Amino acid sequence: MRIGSPELALLVLALPFASFLAIGLIRPLRRRGRPAAAVSILAMAGAFLTAGAMSWQGIPVARGLNPAVLWTWLPADGGPMASVGVWVDGMAMQMCVLVTLVSLLVQVYSWSYLADEPPPSLGRYYAYQSLFAFSMLGLVLSPGFLQMFVFWELVGLCSYLLIGYWYDRPSAAQAAVKAFWITKLGDLGFVAGIVMLWSGTGTFDFWPLFQAAEGGALHVDGLTTIMFLIYLGAVGKSAQFPLHVWLPDAMEGPTPVSALIHAATMVTAGVYMVARAYPLFALVPSVLTLIAWVGAFTALLAATMACVERDIKRVLAYSTVSQLGYMMAANGAGAPEAAFQHLTTHGVFKALLFLGAGIVIHHFHTNDVFRMGGLFGQRPWVGGSFLVATLALAGVWPLPGFFSKEAVLAGVLHAHLSVPFLMLLATSFLTAFYMFRVVFLAFFGHAPVHHEHPEPPVAMDAVCRALAVLTLALGLRAAVASHHVEGPAWLPWISLTWAFAGIALAWATYQAGRLDPARLAAAFAPIDFLARRRYFLDDIYGGTYRLLLLGLSRVVGWVDRYVVDGVLNALSAGALRAGDALRRIQTGQPQDYVYGVALGVLLLLVWAQLG
Amino acid sequence: MPLHAYLVLAALVFVIGLFGVLTRRNAVGILLGIELMLNAVNINLVAFSRFRADLAGLIFTLFTIAITVAEVAVGLAIVIVIFRVRRTIEADHLDLLRG
């Protein structure tokens, strides 16, 4: 039997799951750490090779045929209620390759990055990593909303576990809970949406839904509401305004985790879901417009916050939020291909940025970019890799970010969304500015006086170089291939000009000293003020939490203390009183009891006489 | 003598016994009272047996006497044990079960 893509897809799923089971169940393996890491890395390497083979083999069925292989999951009288399976099309395969590649590289990187961890913690870490890889691949390969939702929650769980990896740090534990709750807020909408869609159509599977949608035969009441609710899930997962607040805090987790989950893969699940379900979203233009506006607004808002952040990982986190905004805007503008293209290129170079930042933090023993400097002279390879990724993020030709960003901008312009388009253009200027702010501060300038300069471990360095080469290769391939983006001829020049303007402003401010950063901040005083305080969103959430939840808790506490407990106390006090009174009947004198008996007999006699 | 004379006698003996049980402070006195009450019952049984020519009453009486003997034996044994433990057989002082 010829092994087809669906079988390979199942193998891709099975390998990390087997590794998770092995590490999770075999206690000595987990407690020793390093062997667990080796198992997980080997399984991931196998999954990556399988995913590569799968995409080499190509799509199993021709366009226009059902690419899903299904098994009945919930059997019911009138046909199965839900099925599980794998959906193997171009997007899923490309995503599988991305997920397995970044997972593999991150796991190799973690081998060195977490070398000082105690072995049991390391084993735990790799168990989570394997579970995450399995869940993310399951999400990517989902042939229906229900399976997607299950894996969607699983990746959320892994994100929680990995953010809280150092659970003895209060800030990490808080960040994990915050990430979990805020994404759950969106997931509530997601689950409500898919259940409503199911009650309207009777199926969770993509294929019949897409067929009906494209044939114009999908008649569901309140489809706009349903799709809006489903989009809410993506808002939480992909950190769109106003639920983006969890992502910067998620940087409390280990840096490789941020690279994998909070840059390359999990946070893009929302974008992927909208792109996957695009045939359904296409039916509701109002929701699409909302997606585009929210995406563009998120991109701009996060970019302004990235400009004032001092923590290198948080800068990257805001930049991730901002780029997710780009992708969502492309989705909303009706260009899911552009969104997906940006998703894949961003996955590669953002992972590289995070892993590079890991080395930078390792080198300077601080996250604060203002206490770094001159790394380029000491570690040209690290600096070079980071620079490649930064240029890619800023959208400079011929790096992959340039092409995907251009595709997004062209898509948004094509949909006549002029205000979101302008917001995205402004964002691309800010992106170049804040990224080069980091580069100039950390890699150029004066090196701080430092007692030790640890050599970056070989594995970490090698992973960064591999990703840098991959970024360059992706860019060159896109440059060589005659890319035909539907858009006006001036668009690439405009976006390049903005990118270089941003770089120039960062250079003038932080490298050449022509501009005083304080004066620059003063020129944009209101925005600077708001961005430094994160637009008070965290305070608003905190205030709402305190006002609503704590207020409610206080009321409930009062009711419990005084009403419920009061009734109970009254009952028990009454019982005690009554018991005390009744107790006195028992004199302990047998003769008194005989009186009682005699009296009773007398009464019985009287009663018998009367009755 | 008619039947009611026996019944009146039995009632008198029973009430005297009950009075003894209720008022005597000495445990032995209480036991004596119980004895009187049981014998009043015996008188009743024998009287009815005689006047209704039914031997069942006599047989009941024999059983009652046997049981009474056993009861007195047990009762006195308890009284002796109580005296050994508490150094008294005054019923007023035996109130361990007071609530």
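Guide: The following conversation moves from the overall build to single residues.

Guide: This is a predicted model, in which local features need pLDDT of at least 70 and side-chain atom pairs count only at pLDDT 80 or more, while totals for chains, interfaces and linings use all residues. Residues are numbered from 1 along each chain as its sequence is written, and chains are lettered from A and ligands numbered from 1 in the order in which they are written.

Visitor: How many helices and strands does chain A have?

Guide: Helices (H or I, at least four residues) and strands (E, at least two) are DSSP runs, numbered from the N terminus. Chain A has 26 helices and two strands. Along the principal axes, its C-alpha atoms fill a box of roughly 120 × 65 × 55 Å.

Visitor: What percentage of chain A do buried residues make up?

Guide: A residue is buried if 20 or more other C-beta atoms lie within 10 Å of its own, exposed if 12 or fewer, and partly exposed in between, with C-beta atoms placed from the backbone. Of the 611 residues in chain A, 50% are buried.

Visitor: Which residues have the most contacts inside the largest nonpolar core?

Guide: In soluble globular proteins, nonpolar side chains tend to be buried together. A nonpolar core is a set of buried Ala, Val, Leu, Ile, Met, Phe, Trp, Tyr and Cys residues joined through C-beta atoms within 7 Å. Here the largest has 209 residues, and A:Ala329, A:Ala351 and A:Val412 have the most contacts inside it. Helix H20 (residues 418-443) of chain A supplies the largest share of this core, 17 residues. Two residues are in contact if their C-beta atoms, placed from the backbone, lie within 7 Å. Leaving aside neighbours within four places in sequence, the contacts of A:Val412 include A:Ala329, A:Phe421 and A:Leu424.

Visitor: How is the length of a helix judged?

Guide: The expected span of a helix is 1.5 Å times one less than its number of residues. Helix H3 (residues 34-57) of chain A has 24 residues and reaches 34 Å from its first C-alpha to its last, close to the expected 34 Å. Among its buried residues are A:Ala36, A:Ile41, A:Phe48 and A:Met54. The buried residues of H3(A) pack against helices H1 (5-25), H2 (27-32), H4 (90-113) and H5 (119-140) of chain A. After H3(A) comes A:Gly58, with a positive phi near 90°.

Visitor: Why is H5(A) described as largely enclosed by the rest of the structure?

Guide: H5(A) is so described because 19 of its 22 residues are buried.

Visitor: At what angle do the axes of H18 and H21 of chain A cross?

Guide: Axes are lines fitted to C-alpha atoms, for helices over the stretch in contact, and angles run from 0 to 180 degrees between N-to-C directions. The axes of helix H18 (residues 380-394) and helix H21 (residues 458-480) of chain A come within 9 Å and cross at roughly 35°. Residues making this contact include A:Trp381 and A:Val388 of H18(A), and A:Leu467 and A:Thr471 of H21(A). Ala, Val, Leu, Ile, Met, Phe, Trp, Tyr, Cys and Pro count as nonpolar, Asp, Glu, Lys and Arg as charged, and the others, Gly among them, as polar. By these classes, the contact has nine nonpolar, four polar and two charged residues.

Visitor: Is A:Ala239 buried or exposed?

Guide: A:Ala239 is buried, because 31 other C-beta atoms lie within 10 Å. A:His416, in the loop between helix H19 (400-414) and H20 of chain A, also has a positive phi, of about 60°. A:His416 is exposed, with 8 other C-beta atoms within 10 Å.

Visitor: Where does chain A touch chain B, and how many residues are in contact?

Guide: Twelve residues of chain A are in contact with ten residues of chain B. Helix H26 (residues 590-610) gives the most to the side of chain A, with five residues. That side has five nonpolar, five polar and two charged residues.
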